Each structure stands twice: as C-alpha cells, then as structure tokens.
Protein chains: 2
Amino acid sequence: MENHNTEVTTNIQESITRFLASRKYSKIAVLVDENTEAHCLPKILDALPDHYLITIPSGESNKNLSTCEDIWMALTEAGFDRKGLMINLGGGVIGDMGGFVASTYKRGFEFLNIPTTLLSQVDASVGGKLGVDFHGFKNHIGIFNEPQNVLIYTDFYSTLPKEEVRSGFAEVIKHGLIYDAAYWEQVKTIDPYRHDWTEVVSHSIDIKKKVVTEDPFESGLRKILNFGHTIGHAIESYFLEIPGERLLHGEAIAVGMITEAYLSHKLTGLSKESLEEITDFLIKVYAPKKIDAKLFEEILGLTTQDKKNEGGIVQFSLLKEIGSCTINIPIGIPDMIDSLFYLNERIG
Amino acid sequence: MENHNTEVTTNIQESITRFLASRKYSKIAVLVDENTEAHCLPKILDALPDHYLITIPSGESNKNLSTCEDIWMALTEAGFDRKGLMINLGGGVIGDMGGFVASTYKRGFEFLNIPTTLLSQVDASVGGKLGVDFHGFKNHIGIFNEPQNVLIYTDFYSTLPKEEVRSGFAEVIKHGLIYDAAYWEQVKTIDPYRHDWTEVVSHSIDIKKKVVTEDPFESGLRKILNFGHTIGHAIESYFLEIPGERLLHGEAIAVGMITEAYLSHKLTGLSKESLEEITDFLIKVYAPKKIDAKLFEEILGLTTQDKKNEGGIVQFSLLKEIGSCTINIPIGIPDMIDSLFYLNERIG
C-alpha cells in the first residue's frame with residue numbers, strides 16, 4: 001500500500017491550489033452530499049478549477065452499491081479516464097465510498113480526500129479502508145487503498161451539529177486509551193463543545209498512522225484500533241434501524257469502550273481505578289441511555305458477524321492498562337452480557 | 001502487486017492437493033458456471049475437501065455487478081471470513097469476476113485460479129486485471145490484484161467447443177507478433193484443432209509475465225498487449241448485441257490484428273511482406289466475414305470509450321516489425337476506416 005500524505009492546514013484553499021498545481025489531471029470530479037455541498041463546498045470553491053459535481057444523499061443508509069452505481073455512471077457519462085481525479089468532500093461515508101468508487105472505476109484513478117468531520121479526519125482519513133455496506137453488514141464490500149493526499153481543515157466543524165463533533169471525539173479518546181497514556185491525561189481535560197482541535201487532530205492522526213503503517217492489512221497490531229468497536233458496532237447496527245433510537249458512531253463507540261473496559265478489567269488486567277476513570281469520563285461526555293436487558297442477546301448476536309472475526313469466534317481488543325492494548329481475546333456471550341449489566345448499573 | 005505462482009501441470013488433482021496442503025483456510029468456495037460445473041468440476045472433485053459450490057450462469061452477459069451481488073451474498077450466507085479461499089474454475093468471466101468478488105469481500109480474501117480455456121490460461125491468468133462489465137462497457141469496474149496461485153491444465157480443452165480453442169489461439173499469435181519473432185515462426189505452423197498445447201501455453205504465459213512484471217499498472221510497456229484489441233474490442237462489442245452475428249473474443253481480435261497490422265504498415269514501419277503474411281495466416285485460421293461498410297463509423301465510434309484512452313484520443317499499439325511493438329500512436333477515425341476497407345478487400 002502506497003503511503004499518502006496528510007496535511008493539516010489552516011488555509012484549505014491554498015492547500016488545494018498547491019496540490020493541483022503539482023499534478024496534471026484530465027478531469028476533476030467533486031463528490032459531496034447535500035450537507036457538504038451547502039456548507040463545505042463554498043469554503044473551497046474558489047480553489048477549484050472546472051469540475052464535475054456529483055451529489056449523493058447523505059447518511060450511512062446510502063453507503064451502498066446502489067449509490068456506487070450512480071457515481072460510476074456519473075463518471076462514465078462525464079467521460080472520465082484513468083488520469084482523472086476525484087475529490088471526496090465530506091465525512092466517513094463520502095471518503096469510504098468515494099475512495100472505493102475511484103479505486104474501482106476503470107481499475108482505479110487517483111482521489112484526494114478532504115474529510116469534513118472530526119471523526120473522518122482522525123479515523124477514516126488514515127488506513128486505506130474503503131468500501132460500502134451490503135444488506136446491513138457494515139463495510140462488507142471494499143478494498144484497501146490510499147488516497148493520493150488528505151487535507152485536514154478543522155474549520156469545517158463550524159458547519160456541523162455539536163453532537164457530530166462529540167461523536168468524533170470518541171476516536172480521539174480511544175487513541176489515548178489504546179496507545180498513549182499521557183495523551184489520555186490531556187484528552188480528559190477536553191470539552192468537546194469548545195475546543196481548538198488542530199493540535200489534537202494532528203496527534204491522533206500520528207497515532208493512527210503509526211499503528212497502520214506497522215500493519216496495513218490488519219493481521220496484528222492494527223486490531224488494537226478495534227477497542228470499543230466490537231460491542232460498539234453491534235449497538236450501532238442494532239439501533240440504526242429503530243426510529244428515534246439511532247446513535248451516532250461515536251456515541252455507540254463510547255458505550256462500546258465502557259463495556260470493553262469492563263471486560264478488560266475482568267480479563268486482561270485493567271485496574272479497577274482505570275475502569276472507573278474511563279467509565280466516569282465517557283458517561284459525563286456522552287450521557288448514554290440504559291439498554292433494555294431484554295435486548296442484550298439480540299444485540300450481542302450481531303458481534304459474531306463482524307468481519308474481523310475468524311472461524312465464528314468473537315475476538316476482542318482489550319486494555320491491559322491505560323495506554324496499552326492487547327488483541328485476539330476470545331470472549332463468549334455471557335461475559336458480554338455482564339458488561340452490559342455493568343453499563344446499566346453505572347448509568348444508574 | 002504481489003507476484004503469484006503459475007504452475008503448468010499434467011496432474012491437476014495432485015497440484016490442487018499440494019496447494020491446499022501448504023495452507024490453512026477457514027472455508028473454501030468453488031465458483032463455476034453451468035458448463036464448468038458439468039465438465040470441469042468432475043476432473044478436480046476428488047482433490048477438493050468440503051466446499052461451498054457457487055454456480056453462476058455462463059457468459060459475458062452475466063459478468064456484471066448483479067452477479068457479483070449474488071456471489072457476495074452466497075459468501076455472506078455461508079459465513080465466509082477473511083481466512084477463506086475462493087477457487088475460480090472457468091474461463092475469463094469466472095476468473096475476472098471471481099477474483100474481483102474475492103478481492104472486495106470484507107476487503108479481500110485469497111483466491112486460486114484454475115482457468116479452463118486456452119484464452120483464460122494465456123491471457124486472463126496473468127496480469128491481475130479483475131472486474132466486471134458495467135452498462136455495456138467491458139471491464140469498466142474492477143481492480144488490479146493477483147490470485148494466490150494459478151494452476152494451468154490443458155486437458156480441460158477437451159471439454160470445449162473447438163471454436164473456443166481457436167479463439168484463445170489469437171492471444172498466442174499476438175504474443176509472437178508483439179514480442180518474439182522466433183515464436184511467431186513456430187506459431188504459424190500450429191493447427192489449432194489438433195495441437196498439444198502445454199509447451200505453447202507455458203511460453204505464452206512467460207511472455208505475458210515478462211511484460212506485466214515490468215509494468216503492472218499499464219503505464220507503458222504493458223500497452224503492447226493491446227495490439228489488435230482497440231479495433232478488436234470495438235468489433236466484439238458491436239456484434240455482441242446482434243443475434244447470430246456474435247463473435248468469440250479471439251475471432252474479433254483476429255480481425256483487430258489484421259486491421260491494426262494494416263495501420264502498422266501505414267504508420268509505424270511494418271513491411272508490406274509482414275502485413276501480408278499476418279493477414280494471410282489470420283484469414284486462413286479464422287475465415288472472418290466481411291463487415292458492412294455502412295457500419296464502420298458506428299463500430300469505430302466505440303474505440304473512443306476504451307478505458308486505456310486518455311483525454312478522448314484513441315491510442316494504438318502498433319507493430320514496428322514482427323516481434324516488436326510500439327505504443328501510444330494516436331489515430332483518427334479516417335485511418336481506422338481505411339483499415340476496415342483493407343480487411344474487406346483481403347477477405348475478397
């Protein structure tokens with residue numbers, strides 16, 4: 001996997017201009033959803049030469065092959081060849097799907113990612129995981145491939161609901177917990193509603209890059225990034241379909257980190273004090289709701305369909321202590337149920 | 001791109017057994033169409049452990065995203081994870097599509113190609129071009145990726161119509177013309193209806209590997225493999241939709257090589273004697289039909305949609321002499337029309 005450049009910038013237009021000046025593309029497509037078209041595109045428009053704007057409906061529910069077909073068709077109709085460029089302007093859905101479409105159109109042309117949310121900047125922008133959902137399975141169809149470049153501009157957050165920023169903050173918290181105890185001490189002091197993110201985003205990207213560079217195809221170390229995501233994804237998937245109960249990704253991952261910190265305490269040596277410290281902070285920031293115990297089994301059944309599992313056993317990434325994570329811990333449904341009871345009890 | 005192994009074998013069951021013994025897979029899928037299920041699968045069945053058989057309808061018209069979705073769904077329902085193996089048993093459609101599906105299911109698992117036709121053995125088996133057609137555009141959606149291994153067994157040809165073997169022979173002829181004048185002398189003596197192919201297939205695979213290894217992503221040298229394919233593909237696409245007029249791939253490429261040899265004589269120095277020698281041999285083997293001059297413009301218009309073209313100009317790969325090919329020769333429709341008139345005249 002080729003290494004790409006990530007540039008954290010305070011002048012996005014200048015960064016785009018410099019990127020385009022250094023290359024020659026036959027055509028440029030800009031992929032947006034209706035939100036980034038309205039709120040983010042105006043912030044970069046002066047830096048864009050003639051381009052084809054491709055607008056797709058926003059939201060995870062449109063991250064599927066049908067939307068890919070619409071984008072492939074738009075590229076075909078505009079006569080794109082393999083010397084084109086796609087600029088993905090948006091959150092994780094735009095980045096994952098736009099990258100997949102660009103990487104598979106005529107066997108691939110270059111793409112530039114301009115992630116517009118905290119979540120997509122610290123997470124999806126690094127690691128080359130591209131793809132779409134398939135019949136309810138998250139990121140089920142996809143490939144590993146890197147964008148030509150990633151431009152990071154935290155001023156886009158001003159266009160986002162505050163909950164979206166708080167959602168992205170969950171990945172920042174995770175980076176401290178799995179890799180960097182000193183960073184966790186700093187993270188604990190952040191108020192996600194009023195923070196200047198540039199430095200934090202840079203540091204989180206650095207952590208993710210270090211992990212991914214050592215293990216691009218997720219055969220070992222990279223799995224530490226799954227901390228909080230096994231139960232977290234199951235919860236996210238379950239409530240996705242229930243009107244009014246839907247959680248943002250980071251809200252689900254916060255709950256996942258509480259329950260998986262509980263499992264870490266029970267099984268991999270995380271101290272009681274650290275467990276409480278993690279739980280207290282996540283409950284303070286995310287104020288999660290209790291989960292009805294009648295739903296536990298159905299929710300947790302979804303963990304066995306996670307693509308990182310091999311041979312039907314659910315493998316967790318758990319903390320040994322704050323700043324250190326271990327992988328491939330097999331866990332059964334009863335222990336997972338205990339962790340959800342712990343969550344409910346602590347929510348009080 | 002990782003380099004894979006190609007093994008030309010006279011005992012396919014032993015080769016499969018040896019391959020599987022050296023690896024550990026969680027599950028094995030075997031992808032076939034109704035033809036290879038009936039005629040080729042029995043030849044390898046004794047060497048296969050428990051597996052999931054996935055049967056798709058045969059033919060290029062089913063090489064599309066809809067069939068991919070069926071295969072992805074079959075893998076999902078069978079609970080495949082990233083430690084699975086897909087065995088693609090069939091011609092180019094099975095190899096291209098099965099490889100694409102395996103490379104994109106949960107971001108990719110390994111696949112073993114067992115091509116069953118001369119064409120897929122000497123062409124699709126090497127080079128990592130995977131994908132499917134999209135709204136009539138050939139191989140429009142896809143990626144570059146290599147199988148874990150390719151097993152070549154020429155005894156499968158006994159299950160094929162003779163025209164299929166003759167069709168694959170066109171790629172063998174091309175390898176001589178673009179890369180190896182001595183090979184061309186040998187190729188000229190082959191009667192495609194009664195030949196022992198093992199040695200020829202090995203040599204053709206070696207030529208293709210040499211070319212592809214030097215230029216995996218088709219930025220330069222690899223384009224010599226396109227000789228005969230620019231006009232050839234246009235003719236193949238045009239007649240695909242016309243009942244009773246459909247050409248096999250090699251039959252269309254044979255016509256493409258005659259017309260592009262004519263352009264080579266006109267523009268890149270191929271001698272008159274060589275042009276006639278090439279034309280005579282291809283007409284003798286393939287007995288092509290004349291093409292109605294009223295259709296020339298519509299057929300040739302299809303050349304501008306080939307994915308190898310950049311910026312709307314049609315780039316040809318043409319012969320300088322037998323055994324040597326040059327690339328990126330821009331050609332307009334009038335010259336292409338001349339070449340079709342030459343074809344018709346020589347068919348007489």
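A polar contact is a pair of N or O atoms within 3.5 Å; within protein, one must be able to donate a hydrogen and the other to accept it, and residues adjacent in sequence count only if both atoms are side-chain atoms. These views show a predicted model, where local features need pLDDT of at least 70 and side-chain atom pairs pLDDT 80 or more, while totals for chains, interfaces and linings use all residues. Residues are numbered from 1 along each chain as written, chains are lettered from A in written order, and side-chain values use heavy atoms, without hydrogens or water.

**View 1. Ser339(B) in helix H14 of chain B.** This helix (a DSSP run of H or I, at least four residues) spans residues 333-347. A polar atom of its side chain lies 2.6 Å from the backbone oxygen of Met336(B). Leaving aside residues up to four places away in sequence, Ser339(B) touches Ile231(B), Thr259(B), Tyr262(B) and Leu263(B) (heavy atoms within 4.5 Å).

**View 2. Where domain 1 and domain 2 of chain A meet.** An automatic or database assignment sets the bounds: 5-159 for domain 1 and 162-347 for domain 2. Here 20 residues of domain 1 of chain A contact 27 of domain 2 of chain A.

**View 3. A salt bridge between Lys208(A) and Asp123(A).** Their side chains meet at 2.9 Å, N to O; the term requires a side-chain nitrogen of Lys or Arg within 4 Å of a carboxyl oxygen of Asp or Glu. Between domain 1 and domain 2 of chain A, the count is two salt bridges.

Key:
Helices (H or I, at least four residues) and strands (E, at least two) are DSSP runs, numbered from the N terminus.
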